[in-house]
Amino acid sequence: MILVLLSLLILTFAGILSYKDYRISLILSLAVLFVSLEFGGIPAIICFLAILNIVSLAVIRGNQISGVDYAMVGLMAIATIYAFITSDIAELLALFVVVSVPTYLLVMVDEGKLNVDTGIKYITFMVIATVLFIIGTVMLYSGYSWQNSAIYFFGFLLLLIGLALEVGIAPLHEWVPDIFANANPISVSIIASLAKFVPFIVAMKVIMITATELTTSALLVLAVFSAISMFIGNIGALTTQNPARILAYSTVANMGYVLAAFVAIMASKDLVYYAIAGALLQLFVNAFGKVGFFNAIKGGASNVSNYILCFSFIGIPPLMGFWGKFFIIYALVFSNYLWLAIILVLNSAISVPYYLRLVRITKASTPDMLTNILTTTTAVVMLVTLIPPTWFVELVSEVFK
Amino acid sequence: MIELLLLAIFISPVIGSLPVAFAWLLDPKRSWARKLPIFAVLGLFISLLCTLYILFNFGELDERVYRQVKFEWLPGFNISFTFIFDYLSRIMGVLTALIAFLIGVYGLEYMKHDYRLGWYWFFFNLFTASMLLVVYSDNLLLLLIGWEGLGLASWALIGHWFRDDDEMSFVGVVGRKIGKLNYFWSPSFGAWRAISTIRLGDMPMFFAIAVIFFLAGNLNISEINWGELSEKVGSVGIFLILFAFLLGPFTKSAQLPFSEWLMTAMTGPTTVSALLHSATMVAAGTYVFMRLSWYMEPWNIHSAGIEAIYVLVLFLGLISALYGASVALGCLERKVLLAASTMSSLGLMFATASASLWVGKFAIIVAFWYLVTHAFAKATLFLVAGHLIHETHNRFCVGGKELAKHLKLAFIATILATLCLSGIPPLTAYWVKSAMDGVMHHLEHEFGLIPLALLVLTSAIYSAFLAKFLSLNFLKGEYHVKAHGGGRLMSLGYTAMVSLLPLILLLYLYHPDFHEFVAEGFLNSSLAVGGIVLFTYLIALYKPSLESPVGRALGDRLYLAFLNDYIIPALGWTLAKLVDYSNRAIDFFCHRAIPSAFGLLSIGIRRIQSGSVELYLRLSAAVLVALVAIAVALGVIG
């Protein structure tokens, strides 16, 4: 904890110093992240993602808060890493806020003038989401402690709505397409990647801590949410020609996949590990893929990398996207949610046309070097699972004992 | 030894036909290629010698004795190449080989100038070999190989003149139409009708054999425990199995309503018709039924299912017999008349063999000997018909006394064959028919006198059209074309064939095995039937043709062709249309409806994105309220 606070202090300091020179902040943020690489496997991947985010922010370094933005990404990364480690509900809620707030600023960042309209829209939803999330968590815990089923369900559903609003799960996804289409692609790439982890991890930890026999029926509502989100995301993306919108609906669909993994929470321990591993892999696919694609939209990228990202999103083996869905489906089938598994597979099929179209639309004749490197890096990350990721399940089982 | 013998029986006809087949493939114009069929006939002759050896050297010819020869085939499945040499197969084998050989000799001359000798001889000999395989095999799977060989060869031979360019090879009056339907048939169409009808029966038969194998674990007819099998599957089960199995024999032996193909099978060369109608193909159906009954011994099994099947076969046979005889009575084409008469005889064989359920093995023996008698007589008549067609260049029954003078041997052979086949006392078929009368008389307790009455009626009509055939072709035909000479080898063929009928007569009269036939023949009732038959024969001889609408309808085979050529195709087309429509529906759903539904849905989902925060918040609030309601509900239940 002390280490975290120290990192946070350094990053704040870096943010302040950046008014002198943005490079100071850049160096300090990267330094903190490199130090944090030692926390273990999954935090290392998070750090790597954050580094990619910071580097991609360099593409729009002419923005209004240049320098501070690096420090904020670093802040989010440290919070995310710590969310994996702690299981204290108060700390988790604090981390939720720490990850959420920097995005309020980041969403408004643009090269020209500040994107205030978009920012207000985003902040409105995020504030409501945060409030509902926190109230939900508190009620859930109270209901669990007092063994009051009404309060328990109420808390569970508030938490669910908070989560849905925060990450953009249908039918509470309305802000996502608007923000994705109107904000700067680079800042969206951060919202769509690094910011998605903590809400899920916190929600999952809270539900696991407060699990009772009531959870099983509550999870049914959650499964329905997940199915709706998959369908709305994939069908919504099916006919649009705007790449940012495609990615927005793709996010909605991916959040549905991740949420689906939650229904295995009440299953046996092995299955839970597979479910968490699947959810995290899917989050990584979503995060790296979004970084890659938004960079491709911004400055262009090589077609090969784009196709690798696209196939990974579709879920073609042996790319990471396949393993994420595979683990989730595995967990679903063996925790008696066959119907949800079938819906997931169907949705993967529905998603094929628009991902391919996305590659076609984002094709650039002369890609910018930095964005190309970033996209290619994310494509290489998708190839990590050439070694079947049982190692990832082991990492997960170490983190979530 | 026995292996070589069997190999010689089945292989030598095929090998013998290979020289001409290959020569024809290479260069059909050479005159030396036209001499090669002699090897094919030689192959048939070797087969004949082997069957004769089997007939005389495999111990006493007794109803109870049989000898089985097994060669390993699929030991894991208890299926082997099993051949059986018993009363039925030893005689039937000789009959098949002998008739095939004699027709082969006849064919040397008849087919001399044909344009497809390689095709003809290869399939002719394959036809014979397949039939011999059916005759000798005990294993149903092995039998099925021969059975399918018969089907293939019959298709190839009926459609031999595949160019459809010779009016002489058609059936029906060319150009005639009834309604929308062309009431005449070309060789290629005839071949198609044959193979399509036969396949219709073969498929259920194949499945029935599979079921029998599954249930009994054995496919050797003589070893299957039918009593146990019928107990295992119950009455309905055994009925269905036997019915499916017998659909094969029914279609092959052209019982109602599968008779049409047999009539248009006359589009093939006459030699083919002769072989097809006497010892192979159509006989295969009845033969398999006899063999089945022989070892099933239905008289020892008490099963309502088996009884129902035998009643069905009895009446199907009798009605087919009556239908065939009536059609033959109205028919004016030489070969089609004979074809209808064959159908009639096959019906009688089926009916008599099925009576074994009540009468015992004797009924099967009667049916079998009727098959033998009929085979020689019918082969003779076909060969004569072929000679007449050659001489007069006319498919219809025409010719007068001059033709009789010119073709004396043919005339005599026809007289002898018709007399011997119609059942006029004391000639060959009379004794068998008398025994048949006796068998039908036995059924009085079960069905009253109906079977006997149907038999007598059929016999009377049968004898009438045979006399009509004789009279119209040699005595009172409307006109005749100047015949040209030749045909020595052809004459030899049918003379040899018909000379066997007196031999069989002697066999009936003097061999102790047939004393029951003779005893039946001396009964008053049998003599009375003989008298009726003689009477109709004489009438028809005196007045062979009578113009009447009934006769014309009979000559048109009571318009059964509509079933084959109109109703069933119409059903088929309806089915095809249905499939077409459902295809289109699927196409519509997959290519239009579903994509556009998804397109609309997709646009609908995006339509919410008006950019108005107020709307979004309202939506979120609505979801929140809905979920609170759910939470309350769950809480109450919880």
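Predicted model: local features only at pLDDT ≥ 70, side-chain atom pairs only at ≥ 80, totals over all residues.
In chain A, helix α14 (residues 303–314) packs with helix α16 (residues 338–361). Their axes lie 9 Å apart, at an angle of about 165 degrees. Angles over 145 degrees count as roughly antiparallel, and α14(A) and α16(A) are therefore roughly antiparallel to each other. The crossing of α14(A) and α16(A) is right-handed. On the α14(A) side, the contact is made by Asn306(A), Tyr307(A), Cys310(A), Phe313(A) and Ile314(A). These meet Ser348(A), Ser351(A), Val352(A), Tyr355(A), Leu356(A), Leu358(A) and Val359(A) in α16(A). By class, the residues of this contact are nine nonpolar and three polar, with no charged residue.

In chain B, helix α2 covers residues 37–57. Its 21 residues should span 30 Å at 1.5 Å a residue, and the end C-alpha atoms are 30 Å apart, which agrees. The buried residues of α2(B) are Pro37(B), Ala40(B), Val41(B), Gly43(B), Leu44(B), Ser47(B), Leu48(B), Cys50(B), Thr51(B) and Ile54(B). An α-helix has 3.6 residues a turn, so residues three or four places apart point the same way. The partners of the buried α2(B) residues are α1 (2–26), β2 (79–86), α3 (87–110) and α4 (117–136) of chain B. Gly59(B) follows α2(B) and has a positive phi, near 85 degrees.

The two chains also touch. Contacts involve 24 residues of chain B and 25 residues of chain A. On the chain B side, the elements giving two or more residues are α24 (561–607) and α25 (613–637). Helix α25(B) gives the most, with 13 residues. This side of chain B has 16 nonpolar, seven polar and one charged residues.

One runs from Leu256(B) to Pro257(B), with omega near 0 degrees. Pro257(B) sits in the loop between α7 (226–252) and α8 (260–264) of chain B. Another joins Pro425(B) and Pro426(B), with omega about 0 degrees. The loop between α16 (408–422) and α17 (428–442) of chain B holds Pro426(B).

Positive phi values also occur in chain B at residues other than glycine. Glu297(B) has phi near 50 degrees. This residue, Glu297(B), is in the loop between α10 (282–296) and α11 (304–330) of chain B. Glu297(B) has 14 C-beta neighbours inside 10 Å and so counts as partly exposed. For Leu558(B), phi is about 55 degrees. Leu558(B) lies in the loop between α23 (549–555) and α24 of chain B. With 13 C-beta neighbours inside 10 Å, Leu558(B) counts as partly exposed.

How values were computed:
Residues numbered from 1 in each chain as written. Chains lettered and ligands numbered in written order. Axes fitted to C-alpha atoms, helices over the stretch in contact; angles between N-to-C directions. Helix = DSSP H or I, 4+ residues; strand = E, 2+ residues; numbered from the N terminus. Parallel < 35°, antiparallel > 145°, perpendicular 65-115°, else oblique. Left-handed = near helix turned anticlockwise from the far one by under 90°. Contact = placed C-beta atoms within 7 Å. Nonpolar A, V, L, I, M, F, W, Y, C, P; charged D, E, K, R; others polar. Expected span 1.5 Å × (residues − 1). Buried ≥ 20, exposed ≤ 12 C-beta atoms within 10 Å, placed from the backbone.
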